[in-house]
Amino acid sequence: MAVNLVNVEAVSKVYGTRALLDGISLGVSEGDRIGVVGRNGDGKTTLIRMLAKLEEPDTGRVTQSGGLRMGVLTQHDSLDPAATIRHEIIRDMADHEWAGNAKIRDVLTGLFGGLDLPGFGQGLDTVIGPLSGGERRRIALAKLLIADQDLLVLDEPTNHLDVEGISWLAKHLQERRSALVCVTHDRWFLDQVCTRMWDVQCGAVFEYEGGYSDYVFARAERERIAATEETKRQNLMRKELAWLRRGAPARTSKPRYRIEAANELIADVPPPRDKSELMRFANARLGKTVFDLENVTVQAGPKVLLKHLTWHLGPGDRIGLVGVNGAGKTSLLRALAEAARTQGDVQPAAGSVTVGKTVKLAYLSQEVGELDPSLRVLEAVQRVRDRVDLGKGREMTAGQLCEQFGFTKEKQWTPVGDLSGGERRRLQILRLLMDEPNVLFLDEPTNDLDIETLTQLEDLLDGWPGSMIVISHDRFFIERTTDTVMALLGDASLRMLPRGLDEYLERRQKMIEAATPAPAPAAAKSTSSGDARAAKKELAKIERQLNKMSDRETNLHAQIAENATDFDKVAKLDAELRELISDRDELEMRWLELAEEA
């Protein structure tokens with residue numbers, strides 16, 4: 001039986017007049033891998049800070065098992081600015097000692113690209129003080145991962161990591177034995193690493209079994225049972241579930257009966273985008289030419305980032321642009337934006353950029369643009385325009401678009417100066433879209449945005465007709481909003497990747513000299529025909545049991561909803577539900593084993 005590491009009992013936390021957490025009871029056990037999601041400001045960080053005893057609850061209590069070794073990554077590091085990277089990560093270990101440690105080598109290579117820390121002028125002897133926030137955060141994460149822990153509590157661990165770094169971190173955490181509680185908006189990462197989800201909403205925490213894909217399915221089902229006001233096709237969770245089930249990244253390994261249940265739930269949900277219709281509308285708005293690059297060279301100071309680049313960005317193209325840090329992604333967008341701003345008068349270092357006459361570009365940079373802090377949110381949007389045409393006869397007022405981006409009617413009268421970083425980012429994107437551009441450049445648009453806002457932004461972009469280039473380390477967002485992935489691999493060229501980000505990671509792996517050779521494939525198991533028949537027979541029996549369990553689980557959820565005010569009955573039903581889920585998980589594991597044999 002798994003040992004309980006942390007218990008949260010009837011915990012509440014109030015800020016001002018708002019209850020962030022209200023009577024929460026949770027537990028973290030050995031082997032748990034928990035992803036924490038929810039809107040910005042709903043209490044995710046507060047919850048994990050209380051788990052780590054960095055913050056005290058107003059009521060209730062948090063208890064930790066004796067001798068618990070806990071590692072915590074917060075939004076702000078506690079590194080000594082006068083110390084070197086060596087001192088913080090390696091401490092007093094001799095070079096031969098730490099270099100012979102496989103874990104330390106793996107962490108340094110995974111987070112910094114090599115044992116000599118390329119990108120840091122003095123390598124391990126670089127002083128921490130002058131480094132950027134992103135560099136300091138990687139050092140804090142490395143220090144944490146090198147230590148032995150029973151429980152890791154991570155707040156936004158993927159921030160400031162590129163696609164390769166995030167992929168490495170996911171694999172590293174999969175292989176660790178320590179328990180994990182992780183706040184992140186990176187949905188691909190949640191799917192790879194987590195086996196349970198906590199959804200923080202309106203003072204409560206809803207628990208779900210499985211990773212992000214399973215959470216989307218379960219939440220969509222819960223909202224259906226609760227008969228939410230949204231019609232089926234307006235339900236963003238169901239729309240996202242449809243993309244997860246039908247899209248190229250087949251993310252779920254659940255048994256067939258659960259896949260069938262998900263497919264039934266999304267049977268009437270159309271594909272996220274009508275590509276032919278969007279392309280037709282984009283041609284009407286843009287004509288044939290958007291950006292034509294001929295033999296272009298892009299430089300950052302004396303450094304040549306791209307050379308001899310010939311490329312055509314056409315009407316309706318939706319491009320995901322990935323690449324190593326410093327390869328020139330942002331510089332390429334800036335060069336195109338400058339050419340568009342001056343209608344081709346300002347050209348790159350060499351070659352030519354032709355800009356279509358009808359191009360109306362909106363460029364979301366990584367920096368949040370300054371706005372008059374005294375303006376109200378609605379006023380800041382209305383200063384761009386009062387109404388926006390979304391195409392195909394759809395129109396929204398400034399207030400309606402504000403609501404779609406999470407600014408309620410009350411929040412619309414909040415001064416801009418009182419907004420959080422994530423809220424300002426939302427407002428910046430909203431103002432860009434309000435100006436009705438036909439070309440969008442989005443440079444790290446997911447920074448500071450919570451998952452619900454990301455889902456709303458993706459839904460809005462699904463119906464947006466025009467050309468778009470997205471730079472992002474958020475793999476889920478790239479796959480969800482774009483049709484083509486192009487990569488800068490650090491060799492001054494731009495390549496199209498037909499297989500998307502999987503191909504990008506494969507190519508990068510081949511470029512790293514110290515890549516670990518792939519292990520020899522394991523010998524295939526030989527199974528007699530008699531064993532296969534027996535496995536199939538047991539599979540059919542398990543599927544019937546699982547179907548019955550699924551019906552019982554649905555009934556239990558419905559009974560819990562009906563008796564929400566009867567705490568004793570809810571407690572009994574919840575205990576029965578947990579036991580049912582535990583039995584179901586055991587059957588699912590047996591199903592997977594038998595399916596492999598059969």
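Which order do the six strands of the open sheet have, and what is the pairing?

Modeller: This is a predicted model, in which local features need pLDDT of at least 70 and side-chain atom pairs count only at pLDDT 80 or more, while totals for chains, interfaces and linings use all residues. Residues are numbered from 1 along each chain as its sequence is written, and side-chain values use heavy atoms, with hydrogens and water left out.

The six strands of the open sheet run in the order β14-β17-β18-β12-β19-β20, with mixed pairing. Because β14 (361-364) and β20 (494-497) each have a single partner strand, they stand at the edges, and one side of each is left without a neighbour in the sheet. From one strand to the next the twist averages 20°. Strands and helices are DSSP runs, numbered from the N terminus (E, at least two residues; H or I, at least four), and two strands pair if DSSP finds at least two bridges between them.

Within the sheet, β12 (residues 318-323) and β19 (residues 484-488) are paired in the parallel sense over five bridges. The bridge partner of L321 is M486 in β19.

Helix α12 (residues 329-341) lies across β12, β14, β17 (439-443), β18 (467-471) and β19, at about 150° to β14. Helix α15 (residues 421-434) lies across β14 and β17 and runs at about 175° to β14. Axes are lines fitted to C-alpha atoms, for helices over the stretch in contact (heavy atoms within 4.5 Å), and angles run from 0 to 180 degrees between N-to-C directions.
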